[in-house]
Amino acid sequence: MSMYTGTKCPVCDAEFTENDDVVICPECGTPHHRSCYNKNGQCINIDWHKEGKVWQTPINNDKNSNAKKNTSLSYVRCANCGTFNPDNISICGKCGTPLANNSIKIEDPEELENIKRLTDVLSEVFNTQENEKTTFDEKNEVSTADLADFVGQNNFSFLMKFNVIHSRNAYPFNWAAFLFGFPYFFYRKMYKIGAVVMAITLLSFVPSFIVSFNAVNEAMQSLVTQNLPVTIENLLLSMQNILPAMTVASPLITISNLLNFAIRIFCVMFFNRLYLKHCINKISKIRKTFGENVREKSPLTSSSFVQTLRVNGGVNPLSVILSIMIYYLIFVIISFVISFAMLLV
């Protein structure tokens, strides 16, 4: 792992070499020899996690030529958002824009240190030289580089969450899924799961619709009993007295609210895990098509592989619009069917 060569392992105090198997703490970015990490059982700087500290590459003033080489790293500035990215990634970690050949060389130690404070963890996540050692599936095929290319937009945020899931078996929250619900699944091309969440969301509104329909029906009967004309104005006035009481008394409203809340909790807690599984399944199928060690093959094959990942992954804004249209269409149909059935009863 070239970016750590010449720096010392905080456990054994031995310098990392090009051939060392290095484990990076997902919380603070501290590098360890894998054997040292396993022996210690946890990050050596675990106290930093509560304080929010992040490991920083020490600037080596030694005359050793290898150490000097490592203090000058190449970064690519994204032409779209201006974010600095390590030069060994193909798309911007912030906005997902493919990076052009506009890399800049950072040689000033002070400037390098400032940039590295923000990019140490990013460099590790996207490190393509060792990406085959950092895998997320049981067959050790899907690498961080694969995930970065497949996820596309906002890949840095997702990869950090994937690292937390993979290393600590945790459940990182996804607030976008909480706010938007099933359309967010379609946005990330998770069509099957999105359809299931949409169906459950539709069902959760059925109890509320039944209560509303009963309120309208009772309001109309009240107008007829009082010999009042059935107008929209009279109907609304009558419902103002009926609907609140029915809403409080009916257990159907409670059921509807609980279902909606359960859907939101499911989305916020499990979206990232489901998305990681979705990415792994899709990438594994693509890798089978291209064969083993695809990134080590010819530039044309490797480029074709990356392009296929981006086409199959990324986001689909159009599917969000279509899913919402389908949702309301089905909602209208269900409402009509329920209304007709209740009138017959």
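Leu-318 counts as exposed, because its relative accessibility is 53% and exposed means over 50%. The model described here is predicted. Leu-318 belongs to helix α13, which covers residues 317-344.

Ala-176 is part of helix α7, formed by residues 175-180. Its relative accessibility is 23%, so Ala-176 counts as partly exposed; the cut-off for a buried residue is under 20%.

When neighbours within four places in sequence are set aside, Ala-176 is in contact with Gly-181 and Tyr-184. A further relationship concerns Val-268: this residue and Ala-176 are 92 residues apart in sequence, while their C-alpha atoms are 7.8 Å apart in space.

## Helix α6

Helix α6 consists of 14 residues, 155-168. From the first C-alpha to the last, helix α6 reaches 20 Å, close to the 20 Å expected at 1.5 Å a residue.

Several residues of α6 are buried, among them Phe-158, Leu-159 and Phe-162. Asn-155, Asn-163, Val-164 and Ile-165 in α6 are buried as well. After α6 comes Asn-169, which has a positive phi, near 55 degrees.

Technical notes: Residues are numbered from 1 along each chain as its sequence is written. This is a predicted model: local features need pLDDT of at least 70, side-chain atom pairs count only at pLDDT 80 or more; totals for chains, interfaces and linings use all residues. Side-chain values use heavy atoms; hydrogens and water are left out. Helices (H or I, at least four residues) and strands (E, at least two) are DSSP runs, numbered from the N terminus. Buried means under 20% relative accessible area, exposed over 50%, partly exposed in between (1.4 Å probe, protein chains only). Contact means heavy atoms within 4.5 Å. The expected span of a helix is 1.5 Å times one less than its number of residues.
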